[in-house]
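Please open the model in your viewer and display it as a cartoon.

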Amino acid sequence: MRKFLFRKIYVFIVVLLLLFGINSSTASSLWNLSYDSYSYTRISEWTSYDPAINIHDDNYTENIVYFYNITQGETSLIFRTNDWQNVLRFVHCETPECYEAVLNAFGYDNVTDTLELDLRYSDYEEILAFYIGGRNPYYGLYCTLPFDLLEFITMMNTWMGLYGCFLPVLSNMCNFTYNITQYELRYEEFSLEHKTSFRHNRKKLEGDSFEIEFKRNLHNESYSENKVILKMMNQGLLCYFEFRTKLFDEYHDKIYEIKDTTFSFSLNSGYEDFAVVTPFEVLIVSMIILSISHLYKKSSEKKRMY
């Protein structure tokens with residue numbers, strides 16, 4: 001009896017220590033990620049039309065972006081990625097040696113063809129940015145917190161989805177704000193739909209889902225029609241981002257659609273554990289189980305008869 005009591009006390013202490021360890025590790029970081037690696041599918045496609053020569057052209061590219069060795073610090077998130085060419089888009093070098101120096105600064109590894117990124121949240125400046133040594137954001141690119149929705153989307157588009165995949169959701173400042181009145185003054189035909197749940201690959205998830213449409217006047221008779229879809233989980237993980245732009249221009253007193261560009265960035269896995277099961281889905285599954293059970297029972301009865 002005494003041994004049994006000691007065992008129960010021992011198990012209870014171990015559980016408490018584990019819980020304390022989990023809570024401590026969670027509390028020591030502003031991020032709330034469940035895995036140390038993720039992958040996204042990036043798709044870029046465009047179709048163009050030149051009314052002067054009546055020629056269409058199109059292009060489609062698809063690639064997988066990997067994030068791994070993710071380390072969650074108190075106010076920083078460090079990880080490796082194969083998306084180094086996207087990072088180098090902001091560099092203006094005149095020699096190969098210059099590009100090589102930048103890659104070395106990011107800890108480039110030619111065996112894995114990856115570099116290391118340091119995503120930090122600054123309490124003092126209240127910004128979220130990639131850093132490359134020193135105290136300044138990489139090429140001055142950053143977002144202030146709380147996130148202005150359009151500012152955040154601009155950064156997402158600028159970084160082709162790389163920025164905004166992982167948000168420090170355990171910070172009180174990490175939320176989205178938007179001012180419809182200001183947006184309507186900036187753009188024409190502006191509309192915004194915000195939901196607190198969404199579906200990704202047929203899985204229902206809880207988080208922020210934004211769908212935005214707006215028209216932007218450019219010059220003379222030129223204008224663009226734009227559509228943005230952004231889906232972020234409550235855990236601070238990006239599920240889906242899409243930015244589509246249709247560009248219209250005048251030629252010989254007629255308006256033509258001269259370009260249609262779509263960019264998307266979609267999470268491949270790491271969200272399934274957070275899927276929400278709806279009552280309707282429970283009902284369907286229950287009906288299927290009952291049907292199978294009924295058929296199995298009838299089959300068993302026939303076998304016994306013969």
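This is a predicted model: local features need pLDDT of at least 70, side-chain atom pairs count only at pLDDT 80 or more; totals for chains, interfaces and linings use all residues.

In which sense do strand β12 and strand β13 pair, and over how many bridges? Select residues 238-251 for β12 and residues 254-267 for β13: the two strands pair in the antiparallel sense, over twelve bridges. At this pairing, Tyr251 stands opposite Lys254 in β13.

Residues are numbered from 1 along each chain as its sequence is written, and side-chain values use heavy atoms, with hydrogens and water left out.

**The sheet**

Next, display the strands together. Eleven of them form an open sheet, in the order β6-β5-β4-β3-β2-β1-β13-β12-β11-β10-β9, and the pairing is antiparallel. The edges are held by β6 (137-144) and β9 (188-200); each has a single partner strand, so one side of each is left without a neighbour in the sheet. From one strand to the next, the twist averages 20°. Strands (E, at least two residues) and helices (H or I, at least four) are DSSP runs numbered from the N terminus, and two strands count as paired if DSSP finds at least two bridges between them. In general, strands of a sheet pair through backbone hydrogen bonds, either parallel or antiparallel.

**The helix across the sheet**

Select residues 149-158, which are helix α4. This helix lies across β6, β9, β10 (203-217), β11 (223-233), β12 and β13, and runs at about 145° to β6. Contact here means heavy atoms within 4.5 Å. Axes are lines fitted to C-alpha atoms, for helices over the stretch in contact, and angles run from 0 to 180 degrees between N-to-C directions.

**The cysteines**

Now show the side chains of Cys93 and Cys98, which form a disulfide with their sulfur atoms 1.8 Å apart. The structure holds one disulfide, the term denoting a pair of cysteine sulfur atoms within 2.5 Å. The angle about the S-S bond is -50°, and the link of Cys93 and Cys98 is left-handed.

Are these cysteines buried or partly exposed? Cys93 counts as buried, at 15% relative accessibility, whereas Cys98 is partly exposed, at 29%. Buried means under 20% relative accessible area, exposed over 50%, and partly exposed in between (1.4 Å probe, protein chains only). Select also Cys174, buried at 14%, and Cys239, buried at 0%.

**Loops with backbone features**

Move to the loop between β6 and β7 (147-148), where Pro146 is found. A cis peptide bond joins Leu145 and Pro146, with omega of about 0°.

In the loop between β9 and β10, select Arg202. Although not a glycine, Arg202 has a positive phi of about 70°, and at 75% relative accessibility Arg202 is exposed. Then select Asn220, in the loop between β10 and β11. Asn220 is likewise not a glycine and has a positive phi of about 50°; with 77% relative accessibility, Asn220 is exposed.

**The cavity**

Finally, select Asn32, Leu33, Ser34, Tyr38, Met233, Gln235, Leu237, Gly270 and Phe274, which line the largest cavity. About 40 Å³ of space lies within that cavity. A cavity is a set of points on a 1 Å grid over the protein atoms alone where a 1.4 Å probe fits but cannot get out, and lining residues have an atom within 4 Å of a point. Grid points are joined across faces, edges and corners, and a volume is the space filled by probe spheres set on the points. By this rule, the count is one cavity of 30 Å³ or more.

Conventions: On a 1 Å grid over the protein atoms alone, a cavity is a set of points where a 1.4 Å probe fits but cannot get out, and a pocket is an open set with protein on both sides within 12 Å along at least five of seven lines; lining residues have an atom within 4 Å of a point.
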